[in-house]
Amino acid sequence: MHSDRGWMYARLKDGLLNPLFLEGLNEFISATKQFPDCLNGELIRCPLPRNVDISENTENYEGNLSIFMQSGRPIGKGRTRYLMDDEYKAAQMYILLNCPEVKPYIDIYIDQLRSNDPLVNDSQIDIKLESEFAIWFNNFAHDSCSNISNKFIISLAKSPLRSVTSYNGYMVNGYKFQSKSYCTSRATMNSGVCIKGSNYSNEESDYYGQLLEVIRLEYPGLPIKRVVLFKCNWFDPTPNVGTKIHSKYKLIDVNHKRSFNRYKPFVLGVQAIQVIYTSYPSLRRDKIEWWAAVKVKARSMIQLPTQENTQPDEEPFQQDEMEHTAIVIEIDDSTQQLNDPTGDVIEIDDGEENDEDETIIATETDDDDDDDDNNDLDVDSE
């Protein structure tokens, strides 16, 4: 069942029932029939709980396929659109051919082709796979003689819904990808994409292109099953024609004027490596059409230890208690005495006496000074 419930609120169009509403209603009824507890006579209850997180990971379901458990998250608000016929076919075939759980059925199909025609070559087999395997796989999965009980395999064979959600960006593998149109008016370039191919040697097997759109497909039935694909424009991977690799330094140049001559725009989001393209600072004619491709290093990710490994094997040495040395200070409260050269004993008090004595002494001292001044004046007058 499609997670987008916008069809519920689009019942009428130009005074008539909206075809989108009828399509969503039929899909809802067929999906709900798989849950008898949701049927009560003439009433149908939605099998999804209220306020359910539709982005919840389904990897805990038994028998789930790896193609439905890809990591990553979209950027921004998505918009709904419908795939064209060529897009739909290309997306469906790429998902089938890149799902590890489908590999045994591909081998069965190839064995049947070889048994029917022993002279068939690899090129003819590739053509048959792209044109006829999806139909054969759907019939094979729903054949009772095949004994396929995995509901995820059966849902994958049914093909995805034509209604997809489109995004301008996606975060996966430590990269932040953004579409070419989104990056046009910005200083950053996050639309460069690279994937590993298998048609050439190890040094010449990479495909380089630019991200056009991020689409999220959904397969019918519950639980929710989604696959995220990157729609890209690929440059020509032909060695020395569309792609150049320096023999010594392994520097990679791509001809941005030449495109891949086959219609294979889709790759899985988890397969993508981010690259940036930079033009040569030269006006030479042979350099104008070439860009240097530089692979971007993904953002570092820290693997946190599991709960089992949080306890160290050996206890670290640490002194829990510190030794405190007692400091004893002896205070002598006895009155201190100083010897005066004239023989008199001077007592020093601790400041607890009344300050009146000091005032009297200071007054007497001032008077004595005044007498001395008067005597000096008398001597001068004589």
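Q: Over how many bridges do strand 7 and strand 11 pair?
A: In this predicted model, where local features need pLDDT of at least 70, side-chain atom pairs count only at pLDDT 80 or more, and totals for chains, interfaces and linings use all residues, strands (E, at least two residues) and helices (H or I, at least four residues) are DSSP runs numbered from the N terminus. Residues are numbered from 1 along each chain as its sequence is written, and side-chain values use heavy atoms, with hydrogens and water left out. Two strands pair if DSSP finds at least two bridges between them. Strand 11 covers residues 206–219, and its antiparallel pairing with strand 7 runs over three bridges.

Q: Which residue in strand 11 is the bridge partner of T165?
A: Strands of a sheet pair through backbone hydrogen bonds, either parallel or antiparallel. For strand 7 and strand 11 the sense is antiparallel, and within that pairing the bridge partner of T165 is R216.

Q: Which residue stands opposite S163 of strand 7?
A: Strand 7 is joined to strand 6 (residues 79–82) by four bridges, and these two strands run antiparallel. The residue that stands opposite S163 is Y82.

Q: Which residues of strand 7 point the other way from S163, T165 and Y167?
A: Strand 7 spans residues 163–167, and five of its five residues are buried, where buried means under 20% relative accessible area, exposed means over 50%, and partly exposed lies in between (1.4 Å probe, protein chains only). In a regular strand the side chains alternate between the two faces of the sheet. S163, T165 and Y167 point one way, and the residues pointing the other way are V164 and S166.

Q: Is N64 buried or exposed?
A: N64 has its place in the loop between strand 4 (43–44) and strand 5. Its C-alpha is 6.0 Å from that of F152, although the two residues are 88 apart in sequence. Because its relative accessibility is 11%, N64 counts as buried.

Q: Is D85 buried or exposed?
A: D85 has its place in helix 2, and from C-alpha to C-alpha it is 9.1 Å from R162, which is 77 residues away in sequence. Because its relative accessible area is 58%, D85 is exposed.

Q: How is helix 2 placed relative to helix 4: roughly parallel or roughly perpendicular?
A: Axes here are lines fitted to C-alpha atoms, for helices over the stretch in contact, with angles that run from 0 to 180 degrees between N-to-C directions. The axes of helix 2 (residues 85–97) and helix 4 come within 10 Å and cross at roughly 75 degrees. Angles under 35 degrees count as roughly parallel, over 145 as roughly antiparallel, 65 to 115 as roughly perpendicular and the rest as oblique. Helix 2 is therefore, relative to helix 4, roughly perpendicular.

Q: Which residues of helix 2 make the contact with helix 4?
A: Contact means heavy atoms within 4.5 Å. On the helix 4 side the contact is made by L129, E130, S131, F133, A134 and F137, and on the helix 2 side by K89, Q92, M93 and L96.

Q: How many residues does the largest nonpolar core have?
A: A nonpolar core is a set of buried Ala, Val, Leu, Ile, Met, Phe, Trp, Tyr and Cys residues joined through side-chain atoms within 4.5 Å. In the largest one, the residues with the most contacts inside it are F133, F137, L156, L229 and F230. Its largest share, eight residues, comes from helix 4 (residues 122–141).

Q: What is the mean pLDDT of the chain?
A: The pLDDT is the predictor's confidence in each residue, from 0 to 100, and 68% of the residues in the chain reach 70 or more. The mean over the chain is 75.
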